[in-house]
Amino acid sequence: MSSLPFIPARVVLLCGPSGSGKSLLSARSGLPVLRLDDFYKEADDPTLPQVAGSSDIDWDHPLSWDADAAVAAVGELCRTGRTAVPVYDISLSARTGEEVVDIGRTPLFIAEGIFAAEIVGRCRELGLLADALCLSRGPVQTFRRRFLRDLKEGRKSVPFLLRRGWRLMRAERSIIARQTALGAYACDRDEALARLATAAVAPRAGLGAGIDAEAVVGVDD
C-alpha cells in the first residue's frame, strides 16, 4: 500500500504581551507548537537594542529577536513537517543547543511568542498563515503572572524583572496596538480557542485535510 501524500501545513501565529498566557493556551490546544522565543539573539550580539536611558538590554524590542530565522523555521515546518531550531536559555541569554521540531502530518500548528506579530505579513505573503491572534488579559493580571513566572524560573534578577514589569505594564496598550496593526486579531482565551477550531477545519483546496476541532476546543480551564 502506498503512503498518503504529505499535506503542507499552515501556521497560527500567537502573540500578546509577555505573561498573557500564550504558552499555556498553546499547550492546552492539542496542536504542535513552535516556540518563537527560542529565536532570541544571544547576549553578545552587537545588534541588541538597549532600553532608553538604561544599560539594560531591551529584550522586548523586536530587534532582540531573529525574525529571518523564525520565518525560515515556520516555512520549513509547513513544507516538510520538520525543522531544526535552537534551544534558548533565557536566564543565560544564550543558545544552549539545537532540537528538531516534528509536527508529523498535522496540517496546523501554533508558533507562539511575543514577537509573533512581527512575521504575520511575511507568513501571509508566503501562503503559510492560517490565522494570527493576540492574547490579552489586562495590564495588572499580566504583570502579576509574568513576574511570578519569571521569578520562579529564575529568568533574570529580581531588580531587572521589576523594572521590566513596570515598563511593560505601562506599555501594554501600545504593545497590543502594534501587534494588531501588524495583522494579529486581539482576543481572550476562549475566542482564541474558537478561532483555532475554525482554522483546524478550514477547507484546504483540493486536499480535504483537517484535524479534530473538538480536540482543539476541548481543553480544561
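How many nonpolar, polar and charged residues does the lining of the second largest pocket have?

**Figure 1. The whole protein, a predicted model.** Residues are numbered from 1 along each chain as its sequence is written, and this is a predicted model in which local features need pLDDT of at least 70, side-chain atom pairs count only at pLDDT 80 or more, and totals for chains, interfaces and linings use all residues. Side-chain values use heavy atoms, leaving out hydrogens and water. You will find seven helices and seven strands here (helices are DSSP runs of H or I with at least four residues, strands are runs of E with at least two, and both are numbered from the N terminus). Starting at the N terminus, their order is β-α-β-α-β-β-β-α-β-α-α-β-α-α. Of the 221 residues, 44% are buried (buried means under 20% relative accessible area, exposed over 50%, and partly exposed in between, with a 1.4 Å probe and protein chains only). Among contacts (heavy atoms within 4.5 Å) between residues at least 6 apart in sequence, 74% join residues at least 24 apart.

**Figure 2. The largest pocket, with a volume of about 550 Å³.** A pocket is an open set of points on a 1 Å grid over the protein atoms alone, where a 1.4 Å probe fits and protein lies on both sides within 12 Å along at least five of seven lines; lining residues have an atom within 4 Å of a point. Its volume is the space filled by probe spheres set on the points, which are joined across faces, edges and corners. Lining this pocket are 31 residues, and Ser23, Asp37, Ile90, Arg149 and Arg155 are the closest to its centre. Two or more lining residues come from each of helix 1 (22-29), strand 2 (33-35), helix 4 (139-153) and helix 5 (158-181). Helix 1 gives the most, with five residues. By class, the lining has eleven nonpolar, eight polar and twelve charged residues (Ala, Val, Leu, Ile, Met, Phe, Trp, Tyr, Cys and Pro count as nonpolar, Asp, Glu, Lys and Arg as charged, and the others, Gly among them, as polar).

**Figure 3. The second largest pocket, holding about 340 Å³ of space.** Here is the reply to the opening question: the lining has eight nonpolar, four polar and five charged residues. Of the 17 lining residues, look for Asp60, His61, Pro62, Phe115 and Ile175, which lie nearest the centre of the second largest pocket.

**Figure 4. Ser93, in the loop between strand 3 and strand 4.** Ser93 is buried, with a relative accessible area of 7%. Its phi is near 55°, a positive value in a residue other than glycine. Beyond residues up to four places away in sequence, Ser93 touches Lys41, Glu42, Ala43, Trp59, Tyr88 and Lys156.

**Figure 5. Leu151, a residue of helix 4.** Leu151 is partly exposed, at 40% relative accessibility. Setting aside neighbours within four places in sequence, Leu151 is in contact with Val158 and Leu161. Leu151 and Leu161 are ten residues apart in sequence, and their C-alpha atoms are 7.7 Å apart in space.
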